[in-house]
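Here's a quick briefing on one protein model, written for someone just getting started. Have a look at the sequence and the structure first, then read on.

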Amino acid sequence: MSTTFITILPEESPVLTSQLTSVKARTDKSKVQVKVVRDPSGDSDDFFSTTLYAFNGIVELSALGRLLEERFIAKDRIYDEISITIDGMESVFTAIYCEYVLGADFDYAGCFWSASASGIVHSDSCVCLAHWNNGAASYRVKVVGIGPDGRIAMVERDFTRNQSSLWVSFSVSEILRFALNQSDVETNDAIAKVSYFAISYGDMQKIFYVVDDPQYLLFRFRNIFNAPEYLDVVGTVKRKTVADRDTAVCSGLTRHYNRVVNRTYEVSTGPLTLDQARAMEQLIASHKVELCTDDADYDILVTDHTCEVDNDDTSLTSMKFTFRFAEERPTFIDSDMDVFCHATSKTFSDHFTAEFA
């Protein structure tokens, strides 16, 4: 009897890594060699091999999904072709990175691989979308707002993006400039104020509501599909600095040693929609989070959080989390409270008038 697969992996359609619990094979040998290769037709990344010993004629490779997820993170991949070889018998399939168990109605080719179906954005923030490539490079953007006459107005156009990186990004300001007739592309209809815009790719669509908060924090994180995503967070930021040290007496003088300075930032959000809450949960649980400022993007670590959602219609959902910079030493930025928060407007834009002087 030769070695044969008991677990049949689909070759026609991709499978989520959260569905790959184990792979079993039947063999008449006491032990077999196993090899897992990522992208066998391209990079041929032979990243895992081992020996499995049979029990009652069956060998099993457990936690295959976790194994692939770790490699996808290391290689910055969202999906890839995978080859599993057990004792010379090969099975080839496509795996999509997914940390959560999704419902049976999830259609990998019919939606963006995003934390939520809608989002809140500001005029100087960004949008990043990942999805299954259907071969087209055109994205339809529809913008809805208020015209000069006070009526609802809509404009739309196609944007072209390169999908070689498995995801695409849009600048909100680029979309707003087009909608407000401030770019080289004429909209025909004039929009005085943008309310929201929708980005479509085939049957996929995600809506973004444009708001104008005085300040907000912009985070970039990897969602449950290992896809980069931006999240605008409106709320208050409290900086906490703790200096830990030991003391010792040397030559009759007390001195400090082993000084460690920890600086953390506590963020308390404003009211959140359910879609915002879902995105916030994925940000807090993400394996990679960055704080995007006007000067640079900083790797951060979420160290504590309060992430609770209830079904009480009389209360507003809000969340709280604490982060610190990934650098061991405190990161010093002049007036960091202002640098962190993207300021779309100032509370006071001029000097006080005479009656307040």
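## Pocket, sheets and rings

The largest pocket holds about 360 Å³ of space. This is a predicted model, where local features need pLDDT of at least 70, side-chain atom pairs count only at pLDDT 80 or more, and totals for chains, interfaces and linings use all residues. Residues are numbered from 1 along each chain as its sequence is written, and side-chain values use heavy atoms, with hydrogens and water left out.

**The pocket**

- What counts as a pocket? On a 1 Å grid over the protein atoms alone, a pocket is an open set of points where a 1.4 Å probe fits, with protein on both sides within 12 Å along at least five of seven lines.
- Grid points are joined across faces, edges and corners, and the volume is the space filled by probe spheres set on the points.
- The largest pocket has 19 lining residues (those with an atom within 4 Å of a point), and S114, A115, S116, A117 and R278 lie nearest its centre.
- Two elements give two or more residues to that lining: β15 (204–210) and α3 (274–285).
- Which of the elements gives the most to the lining of the largest pocket? That's α3, with four residues.

**Strands and sheets**

- Strands of a sheet pair through backbone hydrogen bonds, either parallel or antiparallel. Here, two strands are said to pair if DSSP finds at least two bridges between them.
- Elsewhere, β22 (residues 320–325) runs antiparallel to β19 (residues 253–269), joined by four bridges. It also pairs with β21 (residues 297–306), again in the antiparallel sense, over six bridges.
- F323 in β22 has Y265 standing opposite, and V302 stands opposite F323 too.

**Aromatic rings**

- A pair of aromatic rings is described by the distance of the centres and the angle of the planes. Rings of Phe, Tyr and Trp (its six-membered ring) pair if their centres lie within 6.5 Å; planes under 30 degrees apart are stacked, over 60 edge-to-face and the rest tilted.
- By this rule there are 18 aromatic pairs. One of them is Y108 with W132, an edge-to-face pair at 5.3 Å centre to centre and 90° between the planes.
- That pair links distant parts of the chain, 24 residues apart: Y108 is in the loop between β8 (89–96) and β9 (118–121), and W132 is in the loop between β10 (126–130) and β11 (138–146).
- Y108 is partly exposed at 23% relative accessibility, and W132 is partly exposed at 23% as well. (Buried means under 20% relative accessible area, exposed over 50%, partly exposed in between, with a 1.4 Å probe and protein chains only.)
- F321 and F323 have ring centres 6.4 Å apart and planes at 35°, so this pair is tilted. Are F321 and F323 buried or exposed? Both are buried.
- Y79, F106, Y108, W113, W132 and F225 make up one aromatic cluster.
- R157 lies over the face of F159, 4.0 Å from the ring centre, and over the face of F178, 5.4 Å from the ring centre. (The rule: NZ of Lys or CZ of Arg within 6 Å of the ring centre and within 35 degrees of the ring normal.)

- T27 is in the loop between β3 (22–26) and β4 (31–38), and is buried with a relative accessible area of 3%.
- Most residues other than glycine have a negative phi. D39 isn't a glycine, yet has a positive phi of about 55°; D39 is in the loop between β4 and β5 (45–53) and is buried at 17% relative accessibility.
- N181, also not a glycine, has a positive phi near 60°. N181 is in the loop between α2 (172–179) and β14 (193–201), and is partly exposed at 33%.
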